[in-house]
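Q: I have not looked at this one before. Can you take me through it?
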Amino acid sequence: MKNQFDPYSNYLATMKKIGYVPRKEATQDDYNRIGFMSGLEVHQQLLTKKKLFCHCPAGIFHGDDEYDAEVIRHMRPTLSELGEYDGTALMEFKTKKEIVYRINNENACTYEVDDTPPFLINREALDIALEITILSKFNVVGEVHITRKQYLDGSIPTGFQRTAILGVEGEIQLKNKVVRLIQLSIEEDSCREISDIGHRRIYKTDRLGMPLIETVTYPDMVNPDEVKEACDYIRFLNRSTGKVRTGMGAGREDVNVSCKGGTRVEIKGVAHTNWIPELTHNECYRQWSLLRMKDELLNRVKDIDAWKIEYAYLDLNEFTNNYPAIKYAKDNGYKILAVNLKDFKGILSWFNQPDIMFAQEISDRLKVIACIEKPNMIHSEMKEQVLTEADYSVIKKHLSFNDEKDAIIVFWGPEADIACALETIEERCKMAFQCVPNETRKSFENGTTIFERVLPGADRMYPDTDSMPIPLTKEHIDNLGKNIPDDISDRLAQFIAWGIPEDTYHYLLSKNLFPYIKQAIESGADPKKAGVLFGHNLKFVEGHYNQAKGFTYARIVEMIQFCLKNNFQSPLGEMMLPEVYQYPEKDFESVLKTINFKKYSKEDLISKIKVLSSEFDKEARVNTPKNKTDWVMGKIRPLAIGNINLSELKSLVENSIK
Amino acid sequence: MENTDFFQGYKGRSLDVLKKFNVRVWGQAEMNTTRGEFKGTILPRSSNDDDEHIVMKVITGYNIGIDINTIIDMKEVGYKKANYAIPEKQFPYTEGLPHVKLFGTGGTIASRLDYRTGAVIPAFSPGELYGAVPELADICNLDTEKIFAVFSENMGPQQYIELAKAIGREIENGIDGIVIGHGTDTLHHTGAVLTFMCQNLPVPVVLVGSQRSSDRPSSDAALNLQHAMKTAGTSDIAEVLVCMFGPTSDEYGLLHKGTRVRKMHSSYRSTFRTIGDTPVAMVTTKGVTPIKKDYNKRRNDRNVIIKPYFSDKVTMVYYYTGMKPDVIDAIVDAGYKGIIIVGTGLGHVNKEIYPAIRRAHAAGVHMYMTLQTIWGYVQMYVYDTGRDMMAMGIIPAGNMLPEVGYIKLSWALGQTDDPEEVKKLMLTPINDEITEREPYNGYLVYQGGVPEVEDFIRKVRK
């Protein structure tokens with residue numbers, strides 16, 4: 001195309017125009033300006049032997065190809081209890097996906113594939129969940145009602161998740177503010193996706209049905225760091241019970257974000273809390289950008305109801321573009337269409353997220369809704385132009401394309417998916433005139449997101465007719481309340497009071513080490529030293545050594561008690577730690593042998609210092625008191641460690657060489 | 001509206017609490033309790049549940065229960081009644097598609113929520129069905145009639161007779177095929193009874209149900225309905241058929257003869273199996289593929305013969321070791337005229353009950369032997385005990401399924417008391433309730449864990 005329009009410059013210009021600020025430079029004023037608002041849904045697997053509604057073992061996983069059988073299902077939308085169809089439900093149905101479940105006999109039974117009704121709820125799981133409900137200061141319900149929450153993406157073979165509210169209206173205390181909690185529910189975990197290609201999506205059922213809780217906050221967080229802080233807090237709180245699972249995928253969060261004038265968008269399955277700040281920052285600016293783009297479009301288009309796409313099937317003999325994806329489409333007998341978007345010039349390359357233009361939102365939807373694999377389109381505003389002059393003249397034969405004002409998309413796909421694809425393109429473009437679409441988005445480590453599906457509403461809830469309500473008596477709740485751990489904010493205050501360095505708190509809370517430190521201190525350990533041993537030394541050991549199977553943190557407490565009993569001094573514990581971590585079965589005396597520790601009395605050490613001191617006098621070339629002290633200290637230190645406090649040792653050395 | 005409608009399902013103490021605070025079902029309520037504050041819409045309560053709790057739907061769509069003993073205060077701040085209805089859309093008429101009649105009898109084939117019991121109740125009109133399964137309009141032109149609404153286990157003689165007569169009427173009126181929506185528990189009983197009551201059928205009569213109610217996204221109802229309509233409208237198998245999932249996957253349905261089918265699992269989708277033979281055909285939304293070659297073909301005449309007879313003086317006795325003769329005596333004393341004995345192995349009961357069997361025979365009770373093994377033939381010549389029993393008047397019923405035996409004897413005794421007549425009716429098959437031969441692939445109960453079976457299951461979905 002001969003005009004001067006450069007899509008990438010337009011991307012940069014629109015980024016500037018909407019006032020995008022990178023996260024590193026953003027201040028609270030920036031977030032206030034765009035109305036940053038965010039809430040969390042924190043999921044946490046519970047540590048139980050069995051699954052929630054059947055008697056399969058929980059926590060046994062298998063590889064993608066280790067399965068005994070496969071089952072195929074299709075999901076149809078049904079009415080909610082209040083008599084309405086849900087938006088997502090209808091969208092998912094449009095996609096007409098064939099869902100395949102892979103079943104391994106070790107960890108799934110006929111319940112998982114919905115061929116057996118639920119058994120009674122796992123009371124072990126319910127009690128753990130209730131403990132966390134009380135700990136999070138929720139109002140506990142009087143009776144638990146199992147509800148079905150529809151998921152038509154196939155992630156649960158029944159088409160719904162069994163879930164129940166245990167408490168509403170709780171709160172957590174962050175450093176500078178209180179964050180309100182909406183509710184806590186207990187639910188069954190979903191399948192893990194293996195692949196999703198075209199009209200076939202494959203899941204495995206190992207994780208399906210494992211007990212999970214979800215803590216939902218109000219959208220009280222006003223900047224990305226606060227979201228992370230709240231998320232960490234909830235995760236630490238869950239872990240403080242010692243009754244939840246840890247490790248990959250055991251805790252996952254969905255983050256809801258909106259900007260001023262925007263829409264609640266849910267970023268799903270964020271695997272690491274470290275990703276949260278970048279993700280929420282970018283999502284808020286994405287919405288902000290979509291709204292400015294909307295203003296621009298409304299300036300250009302007066303009658304938005306009348307706006308529609310114009311499209312034409314391209315004759316493959318005429319359309320000779322040799323872009324690899326187009327060649328692939330031709331080889332597979334796909335249809336290729338050109339779509340004219342009137343007045344959309346500069347919109348497809350409008351800033352959306354860092355290194356992402358608006359056009360991607362259309363491409364994402366073609367993949368998810370019309371099931372056309374990516375790359376599924378090219379367009380007139382790509383960073384590197386793919387459409388040639390020849391292509392434009394072919395397109396212009398069929399469409400009233402005005403290169404001063406319009407934009408072109410060329411997409412392809414199997415004939416059966418074309419109608420849905422055209423509808424999808426038009427739908428997304430028309431939404432650009434209205435608002436930020438209500439949707440869930442999938443997150444990536446680089447802080448960007450892509451469209452996942454339309455955000456489901458409350459319309460997808462339905463009572464579970466297979467279950468009876470479960471009353472929660474006062475006695476039971478009171479009993480559970482007796483054994484709950486201290487609040488995280490109390491624990492933080494205690495760490496400070498103990499003089500434990502602040503840089504250990506995150507690690508100590510994430511591993512739930514508070515109870516062990518407390519126990520060590522109660523046995524007589526120095527609070528600060530105990531904190532450092534767990535917060536610094538243990539962290540180092542975890543990163544550098546392999547943990548033995550039988551190792552528990554309680555073993556470290558035993559080690560500390562052993563040292564206290566024998567009046568061994570720090571940093572002997574630090575030296576023993578790698579051994580204890582790798583060989584927890586070994587008795588502590590043997591550990592001391594391994595690290596070459598020998599017992600010396602104070603007198604032994606003093607005589608050794610004297611011997612060393614005279615040795616230095618013979619050998620030294622520059623014999624100053626400082627050199628002498630340093631040299632003797634260097635020699636005596638390995639022998640003295642554990643036997644004597646090191647500052648005391650230093651004064652011993654200094655005194656003896658005077 | 002009556003006062004009680006404001007408090008659907010509530011009773012006793014929970015009802016008193018709602019009345020005390022003037023809060024109705026569907027009212028938006030704010031509650032102050034000893035466990036904190038709760039806000040939401042008051043929902044009806046299942047009348048089987050206790051009177052200690054009030055159910056509410058909170059803003060996020062979940063339901064919770066509130067212990068009435070914790071309620072300090074409560075007030076209604078709004079009211080919005082939910083209107084639960086499947087969207088009714090006019091079922092479109094398409095020239096050239098077959099005309100199918102759907103009879104409703106109850107069951108979960110199409111259903112919606114019943115707040116009173118918390119369970120599902122059937123939804124049924126063509127408009128509702130079209131709203132839920134629009135694909136049906138591509139298969140046939142549909143007309144529906146709700147004959148009665150009972151749960152499958154409540155089907156009985158009166159319903160059988162009504163249904164048979166309705167089928168006769170509809171065939172005479174020129175319908176291309178009939179589908180009967182039915183609860184699955186006794187689907188095979190109805191399959192047998194209709195085979196005996198509706199003879200010389202010119203069109204298919206297809207019984208269909210669902211193992212998962214249609215209020216679930218993964219329900220088998222929609223696909224079963226499509227399969228049944230396709231069969232009724234287009235197949236040339238003019239028999240009473242049961243149409244249900246072949247495998248548990250959403251792949252194809254199987255058409256079973258009403259006389260040879262049995263529900264074999266309490267909850268699996270693929271619960272119905274043809275016993276001692278192969279199914280008649282496979283069905284997908286694209287069409288019917290026969291498995292058997294010899295079946296009754298569709299005809300253009302309307303010469304159906306309806307024989308709506310049923311005696312309620314027939315019972316079944318499932319033999320167990322240690323059974324005492326007084327069980328049989330009690331049945332005879334209660335006036336029963338026919339007993340289907342479900343015997344062990346090849347058709348045995350212990351000697352201890354022989355005297356009772358003699359007395360029953362002397363009292364003119366018709367007794368037929370069927371099998372607990374489900375598969376195989378009664379063979380009473382192999383052991384002396386079998387011969388003894390035949391001498392006492394027990395007649396072997398071949399490989400007739402026990403439930404089918406019960407249905408057939410009821411039907412026979414509805415027509416005659418004469419032992420020879422009854423015997424002739426019982427042992428002359430109408431549609432394979434007794435077969436002359438059992439094909440090798442008529443008994444396939446594979447055992448999991450065996451390598452070749454595991455291999456098969458992994459490669460071919462069952």
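Q: Which residue forms a salt bridge with A:D464?
A: A:R162 does, and the closest N and O atoms of the pair are 2.7 Å apart. A salt bridge here is a side-chain nitrogen of Lys or Arg within 4 Å of a carboxyl oxygen of Asp or Glu.
Q: Where do A:D464 and A:R162 sit in the chain?
A: The pair links distant parts of the chain, 302 residues apart. A:D464 is in the loop between β22 (461-463) and β23 (470-471) of chain A, while A:R162 is in strand β7 (residues 160-173) of chain A. Helices (H or I, at least four residues) and strands (E, at least two) are DSSP runs, numbered from the N terminus.
Q: What should I know about the model and the numbering?
A: This is a predicted model: local features need pLDDT of at least 70, side-chain atom pairs count only at pLDDT 80 or more, and totals for chains, interfaces and linings use all residues. Residues are numbered from 1 along each chain as its sequence is written, chains are lettered from A and ligands numbered from 1 in the order in which they are written, and side-chain values use heavy atoms, with hydrogens and water left out.
Q: OK. How many salt bridges does the structure hold?
A: Over all chains, 77.
Q: New topic. How is chain A divided?
A: Into domain 1 (7-17 + 297-438), domain 2 (35-264), domain 3 (486-594) and domain 4 (602-657). The bounds come from an automatic or database domain assignment.
Q: How many residues do domain 3 and domain 4 of chain A each bring to their contact?
A: Six residues come from domain 3 of chain A and six residues from domain 4 of chain A. Contact means heavy atoms within 4.5 Å.
Q: And chain B, what are its domains?
A: Chain B has domain 1 (3-79), domain 2 (99-306) and domain 3 (314-427). The C-alpha centres of domain 2 of chain B and domain 3 of chain B lie 31 Å apart, and 15 residues of domain 2 of chain B are in contact with nine residues of domain 3 of chain B.
Q: Back to chain A. Which residues does a cis peptide bond join?
A: One cis bond joins A:K374 and A:P375, with omega about -5°. A:P375 is in the loop between α8 (359-368) and β18 (377-379) of chain A. Another joins A:S570 and A:P571, with omega about 5°.
Q: Why point those out?
A: Because most peptide bonds are trans.
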